[in-house]
Every structure is written in C-alpha cells, then in structure tokens.
Amino acid sequence: MSRLALTRIDQPMTAARVGIGGPVGSGKTALVERLIPALQARGIDIAVITNDLVTAEDAERVRRSGLIDPARVSAVEAGACPHTVIREDPTLNIEAADELERRFPGVELILLESGGDNLASTFSRDLTDFWMFVIDVAGGDDIPRKRGPGVIRADLLVINKVDLAPHVGVDLARMQREATDVRGGRPVLLTNCRRGEGIDAIVDLLEREVLFRT
Amino acid sequence: MFDRGEALALLQLGDSAFPAGGFAFSWGIEGLAADGHLSGHDDLDGVIADHLAQRWATMDRILLRRAWRASDTDAIASVDRLAEATTPSAEMRDGSRRAGRALLGVWGKLAGPLSVAYRERVSADARLGHLPVVQAITGRDAGLGLDAAELVSGWTLITGLVSAAVRLGLIGHIDSQQSLARARALLADLLTETPDDDAMPSSFTPFIDIAVSRGPLRHVRMFTT
C-alpha cells in the first residue's frame, strides 16, 4: 500500500488538459480568448493547443491576441478529420501537450480547442481530463433536444451568445432547461463571450472540478 | 508457411485505424494537388510509385533495416541522426519526426520496452524520433520479424497517401481500392530485392520534397505535410 502511494508521489505532476469542442462558429476561440486572461488572473499557468480544420487561423488569432506568449500556443493539423484527432487517434494532440509541458515545466492547465465540428464530436479520456462543448443560441434552440453526443457527454455544456436570444426567437430559459434535462442535471453554463459574461462561472468550475483548488 | 499470428499482427499494426497520427500526414499529396500536379488516380499512382521506389525503398527501408540491427539505444540514435542528416527538406524532417514521435508515444504507453527506453532518449534530443527508425523499434517491441516490419512501414505509407487523396476529393472510394492494389503489387515487387547491410539512405523525389517544403507557405492546409 505505502509502496503504491510512494510510486504515485514520485510521478511528475502533469498539467490538466481541458478540451473545448463544438460546432463551427459557436464561439470556441472567443471562449479561449476570454478564458486565458481569466485563468491567468487567478495565477494559473496555462498553454493552448488549437486543431484548425484547414488553416492556422485560430492558432494565429490566439498567438496575435497579446494575451499569452505565442510560444505557448501550438497548432495541430487535423488532416480533415476533426473527430479523429481528438477521439479515435489523439496521439498528435497528446504529443503536442507533452511537448508544451516539456518546454514550460510549470504549466498547470492546457486548453485544447477542437476544430469546428458537429454535435457528434467528443474528446477521448486519454487526451483530456475534462472537456466542454460550446453551442450557441443562434444555432437554434432545438440543439439540446437533438441529444448529440457532444451535448450529452461533455463535462460542461456552454451555451454562448445568449445576448442574441431575443433576436433569433429563442426562449433561453427553455433552452437551458432542456439542456439540463437531456444532460441529467450535469452543468450547463450561459455565456456571452463577446462581453466576457459568464466566464467567471466557468473558471470557478475549472478551479473546483479540475484543479481541485477550492 | 502462413503464420496466422503474425498475419493478424500485421492487420492490426498496418491498419489505418492504428492510432499513430497517420491521418494528418499527406506527404506531399495536398501540396502537389494545390500546385496542379495531381488531379486523378493516374497522377496519384505515379506519386505513390515515386514515393515507394525513389524514397521508401532507398531511404526509409534502409534506415529501418539499420535501426533494426542496432544493438542499443546509442546505435539507434546514430541511425536517427543519419535520417536527420540525409533529409534536406526541413518540413520533411519535421514531419518524419512528428510522425515517428506519435508512433513512439503510443508504443511507450503500450509499454514496449525498447520504445520506452528510446522515448526517454528522444524527449531529450529534438533531432531524434524519425519515422522509419521508430518503425524498427516498435516492430521489434511488437515481436514482428524484419520482413513484417518492412511491410507495415511500406503499407502504412501507401494507405496514408491514398487516404489523403480521398479526403482531398482527388479520387473516390473505388479508385482508392484500385490504387491500393496497384501500390501493393509494387511494394511486393520492391521487397523481392534485399538491400546490402551497408547501403546508405538516399532519395530522389524533388516534386514531392518541394510540395512538402512549400506547405508552411499555404494559407489553406489540412495536413501536417
């Protein structure tokens, strides 16, 4: 028993790996841009990996944001298979995360943004310790009812662009209720990434559930 | 004699679903198509033949065989450095290392003893981890014979090229099977000759090398190479 415990203590600590998936245009990169300063403000040492579908646009956008040392942002090409690179064969992302940890030994949390995908996209547990799925109200309030694996199985469902709800005829309260119902009561959080609203609640959850700080 | 155990191992390790990141590498297919040098199955067959005869058989296969014979991790690292030194294209070197490190990472987690030992070595030296060298290491860990390890190496190259062509919309699913069959015959033919133990790695695939090297200049890009 004590030998087992000692072996575990001897293992080097590794950074928590947090996946962010969701459909194209739902606000994944905007969420990353909001999470970076929010996590840094709480003293959390971070790095970022992006899986752009056909360009390095998301990686470049984060690198040029001025929010984080560009060397801490890695891009992994998905070979037109955004599902595969985070689920069936996450080896390239795992290697990229390992490499970031080697280069930045104090890193505590790595955000891993998936390429834009559909509602069936999910992250491998070999790749991430926790993953969230981002949808937005403008994509339609019926998305939770479609019960896609991304919506159902994510550790956290984020409904973004809540400010648009009245403009696209979405009953936000009902959408949130239905999302909570199909997820069996597991967390659903609302954000307006454009204005930074709802970000603190996500960081609170990451601190509590992933970093075990509170 | 037909060895069912080894045949099944080949099916597993040579499967495009084996999780070693192969789907993200087009090895020039994407670049050649973007530059107008590849637009259908005839062109694809030509590129595959170039890859196999002018690069894989004279370069990757030689490195794999050298790494196969290497007695320890120092000797393997020497072969790895030879791979680095004989690959002029920086993007080709980088792609080979990324693909090799991904494969090594999987076998490290599968607890292949040589893979575990060499992964430690690779993590401390950014120049190490080339794909054919790692294919030799993982083939040894998998208990394959050299012949079988060469088959896995050649076959995974072929399936990667054809799969990339399908995803780029250059060929359809039926054409892809015909290309695979033609490439399979060529690979078998190349393997009938055994290279000398002291053969040095060499390649002559200028169009492919240029296509891979131009990758970072392209704004729209789906593949690592």
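Colleague: Hi! Is helix H7 (residues 131-141) of chain B largely enclosed by the rest of the structure or exposed, and why?

Modeller: Hi! Bear in mind that this is a predicted model. H7 of chain B is largely enclosed by the rest of the structure, because 10 of its 11 residues are buried.

Colleague: Which residues of H7(B) are buried?

Modeller: The buried ones run from Leu131(B), Pro132(B), Val133(B) and Val134(B) through Gln135(B), Ala136(B) and Ile137(B) to Thr138(B), Gly139(B) and Arg140(B).

Colleague: And what do the buried residues of H7(B) pack against?

Modeller: They pack against five helices of chain B, namely H3 (41-69), H4 (73-85), H5, H6 (113-123) and H8 (146-167).

Colleague: Nice. Which residue with a positive phi follows H7(B)?

Modeller: That is Gly143(B), with phi near 80°.

Colleague: What box do its C-alpha atoms fill, and what share of chain B is buried?

Modeller: The box is roughly 45 × 45 × 35 Å along the principal axes, and 48% of the 225 residues in chain B are buried. Of the contacts in chain B with a separation of 6 or more, 79% are between residues 24 or more positions apart.

Colleague: Switching to chain A, what is its secondary structure?

Modeller: Chain A has 7 helices and 7 strands, in the order α-β-α-β-α-β-α-β-β-α-β-α-β-α. With a radius of gyration of 17 Å, close to the globule rule's 17 Å for 214 residues, chain A is as compact as a globular protein of that length.

Colleague: What about the box and the buried share for chain A?

Modeller: The C-alpha atoms of chain A fill roughly 55 × 40 × 35 Å along the principal axes, and buried residues make up 49% of its 214 residues.

Colleague: Last topic: how many residues does each chain bring to the contact?

Modeller: Chain B brings 18 residues and chain A brings 16. On the side of chain B that touches chain A, helix H5 (residues 90-109) of chain B gives the most, with 4 residues.

Colleague: How do the residues on that side of chain B divide into nonpolar, polar and charged?

Modeller: The side of chain B that touches chain A has 10 nonpolar, 5 polar and 3 charged residues.

Technical notes. Residues numbered from 1 in each chain as written. Chains lettered and ligands numbered in written order. Predicted model: local features only at pLDDT ≥ 70, side-chain atom pairs only at ≥ 80, totals over all residues. Contact = placed C-beta atoms within 7 Å. Helix = DSSP H or I, 4+ residues; strand = E, 2+ residues; numbered from the N terminus. Nonpolar A, V, L, I, M, F, W, Y, C, P; charged D, E, K, R; others polar. Rg over C-alpha atoms; globule rule 2.2 N^0.38 Å. Buried ≥ 20, exposed ≤ 12 C-beta atoms within 10 Å, placed from the backbone.
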